[in-house]
Amino acid sequence: MTVQEEKKRYSEEELKEFEGIINQKLDAARNELAYIKDTLSRKNDSGTDNTGAATKLMEDVDTSEREQMSQSAARLQKFITQLENALVRIKNGTYGICIDTGKLIPKERLRAVPHTQQTIEAKLRRV
């Protein structure tokens, strides 16, 4: 009995599964980003007729909320870019291969974090 050579790449069928997961996450992230951008643009347009101290308090809360939404939008944009890059790696045949070890990233990890480029061991070594 020969020892089976360690698998170096995922099959076309496996890659299609990952592509589906990535596309679902991309759709959800794009929808959420569009919602946040829409909400932010409406908040910027809202004219209030409040006066005095109440207006100042509302503006402070509004500014804080806008900052949080802007940070969420920036994180989502980064996530979208990472997912799009993962789709490129699927197309060019490098998806699922750890950039540090060259080993195949376990399917469970890719299902949970489909844009990752590292095995969990490699990631923990970097910390």
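**Entry 1: charged pairs between α1 and α3**

I began with arginine 111, which forms a salt bridge with glutamate 17, the closest N and O atoms being 2.6 Å apart; by salt bridge I mean a side-chain nitrogen of Lys or Arg within 4 Å of a carboxyl oxygen of Asp or Glu. Arginine 111 lies in helix α3 and glutamate 17 in helix α1, so this pair ties together parts that are 94 residues apart in sequence. Helices here are DSSP runs (H or I, at least four residues), numbered from the N terminus.

I noted the conditions before going on: this is a predicted model, in which local features need pLDDT of at least 70 and side-chain atom pairs count only at pLDDT 80 or more, while totals for chains, interfaces and linings use all residues. Residues are numbered from 1 along each chain as its sequence is written, and side-chain values use heavy atoms, with hydrogens and water left out.

For accessibility I took buried as under 20% relative accessible area, exposed as over 50% and partly exposed as in between (1.4 Å probe, protein chains only). On that scale arginine 111 is partly exposed at 36%, and glutamate 17 is partly exposed at 32%.

I then looked up glutamate 14, whose side chain meets that of lysine 107 in a salt bridge at 2.7 Å, N to O. Glutamate 14 lies in helix α1 (residues 12–45) and lysine 107 in helix α3 (residues 107–112), so the pair ties together parts that are 93 residues apart in sequence. Glutamate 14 counts as buried at 12% relative accessibility, whereas lysine 107 is partly exposed at 25%.

How many salt bridges does the structure hold? I found five, and one of them joins the side chains of glutamate 84 and arginine 30 at 2.7 Å, N to O. This pair links distant parts of the chain, with glutamate 84 in helix α2 (residues 53–92) and arginine 30 in helix α1, 54 residues apart. Glutamate 84 is partly exposed at 30% relative accessibility, and arginine 30 is partly exposed at 37%.

Alanine 112 lies in helix α3 and is exposed, with a relative accessible area of 53%. I recorded that alanine 112 and isoleucine 21 are 91 residues apart in sequence and 9.4 Å apart in space, C-alpha to C-alpha.

Is glutamine 118 buried or exposed? Glutamine 118 is found in the loop between α3 and α4 (120–126), and it is buried, with a relative accessible area of 9%. Its side chain makes a polar contact with the side chain of aspartate 100 at 2.6 Å; a polar contact is a pair of N or O atoms within 3.5 Å, where within protein one must be able to donate a hydrogen and the other to accept it, and residues adjacent in sequence count only if both atoms are side-chain atoms. Not counting residues up to four places away in sequence, glutamine 118 touches residues including Cys98, Ile105 and Arg126, contact meaning heavy atoms within 4.5 Å.

**Entry 2: aromatic rings**

I found two aromatic pairs in a search of the whole structure; rings of Phe, Tyr and Trp (its six-membered ring) pair if their centres lie within 6.5 Å, with planes under 30 degrees apart counted as stacked, over 60 as edge-to-face and the rest as tilted. The rings of tyrosine 10 and phenylalanine 18 have centres 5.3 Å apart and planes at 70°, so I logged the pair as edge-to-face. The rings of phenylalanine 18 and tyrosine 95 have centres 5.5 Å apart and planes at 50°, so that pair is tilted. Phenylalanine 18 lies in helix α1 and tyrosine 95 in the loop between α2 and α3, so the pair ties together parts that are 77 residues apart in sequence.

How values were computed: Helix = DSSP H or I, 4+ residues; strand = E, 2+ residues; numbered from the N terminus.
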